[in-house]
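I opened a new notebook page for this structure. My plan is to start with the overall layout and then look up single residues.

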Amino acid sequence: MSKLPSPVPMNKLLFFTLFVFLLASSGCERDDLCTPDQETSSRMVVVFKDFLNPDTVKPVENLRVRVLGASEYAPLDFEGSTSLEMADTVYIPLRNFDDQTIYDFETDNEEDGFNIDRLNFSYTRQDEFVSRACGFKVNYNDLQASRQQEIPNQPWIIETEVIDSTVNNRNEVHVEIFH
């Protein structure tokens, strides 16, 4: 009768598994992981202000923003909200494959009802390498904003002002909208 091989002791199996794991993970470098704190393409920061008192922030009721021709609304914050009941600041993405983004800003309030104003944001794009894992991010330079004329409705956006024409971080206000 032949003798069966003896089982591998548990501590050797644990040691072998730990050794393989350490060997496999030691090849990872900082560039191999894209962490949430590494910023990819920035969003444009827009603050809403009172036209009659330009130093005062004035929230917009029931705000939604949609890229011209899109069926879905744009995210307005970093949680992905596409509608905000009272918005004084929004963080909206710009197109990273085109030199302009046209947005319809929709508001619905008791005083003025439903109203849409169209804003055109034009810019130049510059790719910046972040890391192997994150790839490239787009910086937007020479930002300009203009409101397209409305014929049927009274505009709720009275004026726009570009505060920072370079969109490369989410900590600076880029555009102020007066209403």
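**Layout.** I read the elements from the N terminus on, and the protein chain runs α-β-β-β-β-β-β-β-β-β. That comes to one helix and nine strands. I note that this is a predicted model.

**Whole chain.** I looked up burial next. The protein chain has 179 residues, and 32% of them count as buried. Its accessible surface comes to about 11700 Å². Carbon and sulfur atoms hold 52% of that surface. Then I turned to contacts with a separation of 6 or more. Residues 24 or more positions apart account for 55% of these in the protein chain.

**Backbone.** Which residue in strand S2 did I stop at? I stopped at Asn62, and strand S2 covers residues 60-67. Asn62 is not a glycine, yet its phi is positive, about 45°.

Asp142 sits in strand S7, residues 135-147. Its phi is near 55°, again a positive value in a residue other than glycine. With a relative accessible area of 49%, Asp142 is partly exposed.

**Charge.** Which residues gather in a patch of negative charge on the surface? I listed Glu61, Asp108, Glu110, Glu111 and Asp112. I followed up one of them, Asp108. Asp108 has its place in strand S5, residues 100-109.

Notes. Residues are numbered from 1 along each chain as its sequence is written. This is a predicted model: local features need pLDDT of at least 70, side-chain atom pairs count only at pLDDT 80 or more; totals for chains, interfaces and linings use all residues. Side-chain values use heavy atoms; hydrogens and water are left out. Helices (H or I, at least four residues) and strands (E, at least two) are DSSP runs, numbered from the N terminus. Buried means under 20% relative accessible area, exposed over 50%, partly exposed in between (1.4 Å probe, protein chains only). Patches are made of residues with over 30% relative accessible area and no salt bridge: like charges are joined within 9 Å, nonpolar side chains (Val, Leu, Ile, Met, Phe, Trp, Tyr) within 5 Å. Accessible areas come from the Shrake-Rupley method with a 1.4 Å probe; for residues, only the protein chains shown count as cover. A salt bridge is a side-chain nitrogen of Lys or Arg within 4 Å of a carboxyl oxygen of Asp or Glu. Lys and Arg count as positive and Asp and Glu as negative; His and the chain ends are not counted. The place of a charge is taken as NZ of Lys, CZ of Arg, CG of Asp or CD of Glu. Contact means heavy atoms within 4.5 Å.
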